Amino acid sequence: MTEYEPVIGLEVHAQLRTQSKMYCTCPADYQTADPNTRVCPVCMGLPGTLPVINREAIKSIIMTGLALHCEIAEQTKFDRKNYPYPDLRKGYQISQFDLPICHDGYLEVSVDGDRTRVGIERVHMEEDVAKLFHRVDPGTGEGYSLVDLNRSGVPLMELVGRPDIRSAEEARQFLVAYRSILQYLGVSTGNMDEGSFRCDANVSVRPKGTITLGTKVEVKNMNSFRSVYRAIEFEIARQSKAIKDGERIVQETRGWMEDKGITVSLRSKEEANDYRYFPEPDLPPLTVERAWVAQIQELLPELPEERRGRFESTLGLSPYDAGQLTGSPGLAAYYESVLERHADAHGASSTVAKAGANWTITELGRLSNEAHVEIEDSLVTPTNLAGLLALIDKGTIGTAQAKTAIASMFETGKTAEATVETLGLTQITDTGAIGEAVDEAIEANPQAVVDYKAGKETASKFLVGQVMKATRGKANPSVVADLVVERLAALE
Ligand SMILES: [Zn+2]
């Protein structure tokens, strides 16, 4: 039985967060503006206008290229990509064809601890198109379309990855890692819902162990990491089955239907020569000065990969925790701020890094997820979480009480101290009070004592459970366990 392996290459478009558009001075804040209020003759594609290159956009793409270990071209140029479509006012898009600004880089992706290097063929600069709104007239039932030109000409950076990806999960992790880099650099929001970050996947399959590439299919219209994963999984299964059934795979563009969980044929795939690329006559070739590239290199912040390494080596975090916490710059800053606040207010602690990671990822992560907010935007400020960690550290509260406290803090924004006080969560550590509860539990459960004397270790755990129940979970569990063993030993 022949086994098939997928070969996947991604193309990712990211809008850049510049103040103005790519080739004119219109503001690029198209999402919050009223329709057609961010327009000028250049981005409306009127005849007789001339484009001007946005220097900030070029700086952003160079930063991205450097972060992806790319070569930065000394000589680059812009080209016209011609195609007719109502959202493209000029009838062409100013893109880059044979001399992209960045080329030949890579991005390391990790799946279940296995690291793979995915090649990057190029990263080039182009412009976004207008937005169409398709409507139906309620009176006549006739369809019509509206066009909003605010997005027309917004800087768009396209990454073309090499077909080095071998699973849907690897594709997803590539996107997660790439978006994280863009967010660290501050060059793009990487927001997939809003369409600021879009991915197309080229998928083909071939018999495992062979080198020749199969016919590839381009999949579009995926607007979340999850849909990219699902669409690729679907395509792998569809193509493998077709080949097994003796069918021929057609080179085409297919669209992902999120609600049905399938891809459907959209059109036969166009070739590069269908676009009739030619050098943009209105823009001179661009020389990228080496001194400028060196300057930009100096400006690069600590990237997710380095930060993850630092969290592992200096804070002793597991690769998983370090990976989770460094996924977005906002979350990494939040966590570091928790540790700082803790050190300032409560002094050094050898366990706070690990405990802080746990509480941030697990409890706060769950609460934030349910409420659809980012952890760093939640009402549990770094100072408040540091306060909670200090109370756990001192034994004032145990894990169960801390969970109750953080859920309340998440709603109210109050400090840990105030929350523990108001809810009466203070843990009982007083050995006198706990000792009484232990004595009562032993008296009430003579069979457990007999079992313990007969060598049944679990009998002491049962008694600890009884004490915890009697104190409604407020007794310090380790004090209880010590006292139970002590009292049992004293019985003859
Ligand atoms: Zn404009």
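Trainee: At what angle do α13 and α14 pack?
Mentor: About 150°, with the axes 8 Å apart. Keep in mind that this is a predicted model. Helix α13 covers residues 446-453, and helix α14 covers residues 458-470.

Trainee: So what do we call that arrangement of α13 and α14, roughly parallel or roughly antiparallel?
Mentor: Roughly antiparallel. An angle over 145 degrees counts as that.

Trainee: And is the crossing of α13 and α14 left-handed or right-handed?
Mentor: α13 passes α14 in a left-handed crossing.

Trainee: Which residues of α13 and α14 meet?
Mentor: From α13, they are A448, D451 and Y452. From α14, they are A459, S460, F462 and L463. The residues of this contact of α13 with α14 split into five nonpolar, one polar and one charged.

Trainee: Other helix pairs. At what angle do α9 and α10 cross?
Mentor: Roughly 165°, and their axes come within 11 Å. That makes α9 roughly antiparallel to α10. α9 is residues 382-393, and α10 is residues 399-412.

Trainee: Which hand does the crossing of α9 and α10 have?
Mentor: Right-handed, as α9 passes α10.

Trainee: What makes the contact between α9 and α10?
Mentor: N384, L385, L388 and I392 of α9, with A402, A405, I406 and M409 of α10. By class, the contact of α9 with α10 has seven nonpolar residues, one polar and no charged ones.

Trainee: Now α1 and α4. How do they cross?
Mentor: At roughly 65°, with the axes coming within 10 Å. α1 and α4 are therefore roughly perpendicular to each other. The crossing of α1 past α4 is right-handed.

Trainee: Which residues of α1 and α4 are in that contact?
Mentor: α1 gives R55, I58, K59, I62, M63 and L66. α4 gives W292, V293, I296, Q297 and L299. In the contact of α1 with α4, eight residues are nonpolar, one is polar and two are charged.

Trainee: Which strands does α1 lie across?
Mentor: β2, β6, β7 and β10. Helix α1, residues 55-67, runs at about 165° to β7.

Trainee: Let's do sheets, then. What is the strand order in the sheet of nine?
Mentor: β2-β6-β7-β10-β1-β11-β12-β13-β14. The sheet is open and the pairing is mixed.

Trainee: What stands at the edges of that sheet?
Mentor: β2 (71-72) and β14. Each has a single partner strand, so one side of each is left without a neighbour in the sheet.

Trainee: How many bridges pair β12 with β13?
Mentor: Three, in the parallel sense. β12 is residues 217-222. V219 stands opposite R254 in β13.

Trainee: And in which sense do β13 and β14 pair, parallel or antiparallel?
Mentor: Antiparallel, over six bridges. β13 is residues 252-257, and β14 is residues 262-268. M257 has I262 in β14 as its bridge partner.

Trainee: What sits between the strands in the hairpin of β13 and β14?
Mentor: Four residues. G261 takes a positive phi near 70° in that hairpin.

Trainee: There's also a sheet of three strands. What is its order?
Mentor: β5-β4-β15, an open sheet with antiparallel pairing. Its edge strands are β5 (92-95) and β15 (278-279), and each pairs on one side only.

Trainee: How many bridges join β4 to β15?
Mentor: Two, and the strands run antiparallel. β4 is residues 79-82. R80 stands opposite F278 in β15.

Trainee: How many bridges pair β4 with β5?
Mentor: Four, again in the antiparallel sense. N82 has Y92 in β5 as its bridge partner.

Trainee: Zooming out, how many helices and strands does the protein have?
Mentor: 15 helices and 16 strands. The radius of gyration is 30 Å, well over the 23 Å that the globule rule gives for 492 residues, so the protein is more spread out than a compact globule.

Trainee: What does the C-alpha trace span along its principal axes?
Mentor: About 100 × 60 × 60 Å.

Methods
Residues are numbered from 1 along each chain as its sequence is written. This is a predicted model: local features need pLDDT of at least 70, side-chain atom pairs count only at pLDDT 80 or more; totals for chains, interfaces and linings use all residues. Side-chain values use heavy atoms; hydrogens and water are left out. Axes are lines fitted to C-alpha atoms, for helices over the stretch in contact, and angles run from 0 to 180 degrees between N-to-C directions. Angles under 35 degrees count as roughly parallel, over 145 as roughly antiparallel, 65 to 115 as roughly perpendicular and the rest as oblique. A crossing is left-handed if the near helix is turned anticlockwise from the far one by less than a right angle, and right-handed if clockwise. Contact means heavy atoms within 4.5 Å. Ala, Val, Leu, Ile, Met, Phe, Trp, Tyr, Cys and Pro count as nonpolar, Asp, Glu, Lys and Arg as charged, and the others, Gly among them, as polar. Two strands pair if DSSP finds at least two bridges between them. The radius of gyration is taken over C-alpha atoms; the globule rule is 2.2 Å times the number of residues to the power 0.38.
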